[in-house]
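Reader: I am new to this structure and would like to understand the words used for it. Could you walk me through them?

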Amino acid sequence: MQNNVQSRTQNKIQGNPFYHEILTEHNLHPYHKHALPDANLELEGVNPNCGDDIVLRLKVEEDVIVDGAYEGDGCAISQASADMMLDLIIGKKKDEALRLADIFSRMIKDKITEEEREELEEAGILQDISHMPMRVKCAMLGWRTFRGMVEAE
Amino acid sequence: MGRDIKEIRADFPLLTDEVAYLDSAATSQKPRVVIEAEKEFYECYNANPLRGLYELSVEATDRYEEAREAVREFIGAQSAEEIIFTRNATESLNLVAYTYAMSALKAGDEILVTIMEHHSNFLPWLNAAKQCGAKINFLECDADGRITEEAFRAALTARTVLVAMTQISNVLGCENDIKSFAAIAHEQGAVFVADGAQSVPHIPVNVRELDVDFLAFSGHKMLGPMGIGVLYGKRELLDKMPPFLYGGEMIETVTRNGATYAELPHKFEAGTVNAAGAYGLSRAIAYIRKIGFDAIREREDILTQYAFKRLRENPYVTVLGAENPAEHHGILTFRLEGVHPHDVAAILDESRICVRAGHHCAQPLLKHLQVPSTTRASLAFYNTTEEIDRFVETLGTVRRRLGYAE
């Protein structure tokens, strides 16, 4: 019992692995947080309980995501996750982006292979969020909004 | 407070040096006497109260009714029949909304609620109003949470049937002058419902002195177990109200066509009750009485002042509500510039500091004050200045952790 408490504390003192330099960099200096006047797809994604709120915009030409951006507010995880997603999917075909979104969702909610995690590039650092059920929705917001947008099309 | 803080903390199994528990407004920690009381009930008195004709059931009933008497005495009600046991303050408020409000309201009537109410002292009234074609009016407060008598009088109309007001705000920590507002509401013929969830654990509350018609509060915020709460109601109102839940042990006779209902308080306590929870609550009340509200208030005031002073050292922190710590009753809701409250709470949690983040079930208030979600630290007499130091110092590292250069 005492040992459990101690080991938990030790883990804690090392810090939550997800407040990572990569994540804070995407949160403070996002590459894709801006307006996108020539977007042809747009959807708002909200986590009403935490107040995370983003508007995701994509410019899609012949099934290829040629550009994308988001605007909004929320916690570091929701914002950085959306930014990393756009890093990953811009320049990809919609189907390929959906496949990656599926891997991301399985990573957060279940398990994926190491190869699959590498496919997610920087977004793979969010793997440990699966241990924090309260934050899963934050990490999923951008990806869920992307899926909703493409499926509604 | 007579007893050393170390001794007091030793009464609470969960309060160790490991955890800095600063979320007592969400639920308080429990002293060992309360935890053991629930166990004792099931080990020594367990039988279905109010039903059995055998000795054990009589003992279970005695423990349950003694708890009711303890609550009556604690809040100064006239009779134990005015004390209804519920699950929590939310259920107590719903009880009044579904029974009193829905039978009293007519189309065009008005309910007055303050903008600072917890959702549980707003949504039941909104629902009742919608069902009855009545209207909800909002009484707004200033940024410190103050509501003036003039504003209150101006918001009351001849059609105001009911006023719902919290005694202490779970976000701003401010105290409403329930006694004066209830008196004004009564002049207008309105019934006054007070939410005591945040006040009953921290300040002496006497229902006859305040002259409220209903008072709702939860056991779990006042050192008691989860799943036991209280509704106080004036007898003449409770008598006229229809039952809330229908079922066992709330009837006199049942025929194929109907039933006559039991006397107070059993009319409102259908089904098997949480007798072990009530027994635990009675022990929580005994514990509070032993320490005494004078000592509790003195200690909570000192801690609140200290936390305020330390939080002000951080230029990125803004505390919501009044400048004067004495108006906060241990509740410190704040913003940390540039950081979302969920990130604040998650980073504090790495050092096992427990705070609440979000909208604190008071979305209309945050909207009124034009603040997005916030972080809340809430104190109780069992907290220490060391815990506050740990909290403030860790909070001081949060912006750096998130990449801000300072």
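This is a predicted model: local features need pLDDT of at least 70, side-chain atom pairs count only at pLDDT 80 or more; totals for chains, interfaces and linings use all residues.

Reader: Why is the pair Asp343(B) and Arg135(A) called a salt bridge?

Author: The rule asks for a side-chain nitrogen of Lys or Arg within 4 Å of a carboxyl oxygen of Asp or Glu. Here the N to O distance between Asp343(B) and Arg135(A) is 2.9 Å, so the pair meets the rule. The count between chain B and chain A is one salt bridge.

Reader: What else makes up the interface of chain B and chain A?

Author: There are four residue pairs in polar contact across it, with both residues at pLDDT 80 or more. On the side of chain B that touches chain A, helix 12 (residues 341–350) of chain B gives the largest share, six residues. By class, that side has four nonpolar, six polar and six charged residues. In total, 16 residues of chain B are in contact with 19 residues of chain A, and the two chains bury about 1600 Å² between them.

Reader: What makes helix 12 of chain B mostly covered?

Author: Nine of its 10 residues are buried; among them are His342(B), Asp343(B) and Leu348(B).

Reader: How do you know that strand 3 of chain B is largely enclosed?

Author: Five of the five residues of this strand (residues 110–114) are buried, so the rest of the structure largely encloses it. Glu110(B), Leu112(B) and Thr114(B) point one way, Ile111(B) and Val113(B) the other, and all are buried. Five bridges also join strand 3 to strand 4 (residues 135–139) of chain B, and the two run parallel. Ile111(B), for one, has Ile136(B) as its bridge partner.

Reader: Why is Arg57(A) called buried, and what is Glu71(A) called?

Author: Buried means under 20% relative accessible area. Arg57(A) has 17%, so it counts as buried. Glu71(A) has 33%, which lies between 20% and 50%, so it is partly exposed. The side chains of these two meet in a salt bridge at 2.8 Å, N to O. Glu71(A) lies in strand 3 of chain A and Arg57(A) in strand 2 of chain A, so the pair ties together parts that are 14 residues apart in sequence.

Reader: How do you know that Asp23(B) and Arg376(B) form a salt bridge?

Author: Their closest N and O atoms are 3.6 Å apart, and the cut-off is 4 Å, so the pair counts. It links distant parts of the chain, 353 residues apart. Asp23(B) and Arg376(B) are both buried.

Notes:
Residues are numbered from 1 along each chain as its sequence is written. Chains are lettered from A and ligands numbered from 1 in the order in which they are written. Side-chain values use heavy atoms; hydrogens and water are left out. Contact means heavy atoms within 4.5 Å. Buried area is the accessible area (1.4 Å probe) that two parts lose on being put together, summed over both. A polar contact is a pair of N or O atoms within 3.5 Å; within protein, one must be able to donate a hydrogen and the other to accept it, and residues adjacent in sequence count only if both atoms are side-chain atoms. Helices (H or I, at least four residues) and strands (E, at least two) are DSSP runs, numbered from the N terminus. Ala, Val, Leu, Ile, Met, Phe, Trp, Tyr, Cys and Pro count as nonpolar, Asp, Glu, Lys and Arg as charged, and the others, Gly among them, as polar. Buried means under 20% relative accessible area, exposed over 50%, partly exposed in between (1.4 Å probe, protein chains only). Two strands pair if DSSP finds at least two bridges between them.
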